[in-house]
Amino acid sequence: MELTNAALVLIELGVVVIGLALLDRLARRFGISAIPLYLVVGLAFGNGGLVPLNFSEGFLHVGTEIGVLLLLFTLGLGYTGEQLRKGLKSGLSDGVVDFLFSFPPGFVAGLLMGWSPMAAWLLGGVTYISSSAIISKIITERGWLSNRETSCVVNILVFEDLIMAAYLPLTIVLLAGQSIAAASISVVIAVVVVGVLLFLAINYGEFVGRLIQHESDEVVLFSILGLILLVAGLAQLLHISAPVGAFLVGVALKGPIADRTRKILSPLRDLFAAIFFLFFGLQIDPAILPPVMLPAIG
C-alpha cells in the first residue's frame, strides 16, 4: 500500500511539473506573468478544488519556503552591501510613506468591520506588507533588474521586511497573551539580530565569498544552498522573516562568485518559485473566498 501511495505521489508530482512547463509556455505566448496561472491552477486542484492532489503538508511547506528563499536570495545578489546601506538611508522617507498609506487603512478597516483590535492589527499587517516573492519573480521575469526604479522598489521591500522583523515577534507575543514587557524583549532581540545580519552582510561579504568559492559547481551549489537555509532557519527561529535572511546572504556575495552563484541557482530558483505559487493556491479552499470577496476588493 505504501509503495502504491509513493508511486501515485511521484506521478502527481511529474504531472504538476509538466503542467508548470505548459503554463509557463502559455504565459510567454501571451507576454504575461505565469504567476496568476499558477495560483488559479493551484485553487482548482487544491483543498476543495476539482481534483485535489494528495501531497503532504510537510512537502507543501518546505517547497514553498525554499521557493521564496531562493527568490529573495537572487534579488539580494543584485545589490552590494554599500548599495543596500545607501538605499536604506535614501529610501527611509519612501518607506515611511509606504507604511502610513498601507498599515493604518487596514487597521481602520478592521475596526469599521467590527473586528477586535487584535484582528484589526493583523489586517493592518496584511495590507501593509507586500509579497516579496511575487514582486521579485515579476522583476526577474520581465528583465527589470537593471531598471532605475528597481532599486527604489527593492529598498521599500527591504524596509517592509525590516519592519516585519519587529511586527512579527510583537504579534506572536500578543497573540499568546503575554505582557507588553515580554513583547518588547522579543522586538529588541529581533532588531538586534537583524542589525547583526546587516552588519555582517555589508562588511564581511568578501570573506563569505572566499569560503564558498571552489572549482566545482557542485560544491558551490551545496555550500550556498546550505548557507541560505541555515541563515533563514535561524532567522525564523528568532521570529524574524526568513526571506530577510536569504536576501542578506545574497547581498553579502559580490563579484565573480555572485555571478557564478546566480547562474548555478537560476534553474533551481525557477522550479521552486513556480512550486511556491502553485502550492500557495493548493492550500486555499475556494469555498472560503466568496464570503470575503467584497471586503477584500474594498
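Student: In this predicted model, what makes the lining of the largest cavity nonpolar, polar or charged by class?

Tutor: By class, that lining has six nonpolar, no polar and one charged residues. The residues that line the largest cavity are Val158, Asp161, Leu162, Leu198, Val244, Phe247 and Leu248. Val, Leu and Phe count as nonpolar and Asp counts as charged, so Asp161 is the charged residue of this lining. Two or more of the lining residues come from H9, and two or more from helix H13 (242–252).

Student: Why is this space called a cavity?

Tutor: A cavity is a set of points where a 1.4 Å probe fits but cannot get out, and about 50 Å³ of space lies in the largest cavity.

Student: How do you describe the packing of helix H5 and helix H9?

Tutor: Two packed helices are described by the angle between their axes and the distance between the axes. For helix H5 (residues 92–100) and helix H9 (residues 148–175), the angle is about 60° and the axes lie 9 Å apart, while the crossing is right-handed.

Student: Which residues of H5 and H9 meet?

Tutor: Leu92, Asp94, Gly95, Val96 and Asp98 in H5 meet Cys152, Ile156, Phe159 and Glu160 in H9.

Key
Residues numbered from 1 in each chain as written. Predicted model: local features only at pLDDT ≥ 70, side-chain atom pairs only at ≥ 80, totals over all residues. Heavy atoms only, no water. Axes fitted to C-alpha atoms, helices over the stretch in contact; angles between N-to-C directions. Helix = DSSP H or I, 4+ residues; strand = E, 2+ residues; numbered from the N terminus. Left-handed = near helix turned anticlockwise from the far one by under 90°. Contact = heavy atoms within 4.5 Å. 1 Å grid on protein atoms, 1.4 Å probe; cavity = no way out; pocket = protein on both sides within 12 Å on 5 of 7 lines; lining within 4 Å. Points joined across faces, edges and corners; volume = space filled by probe spheres on them.
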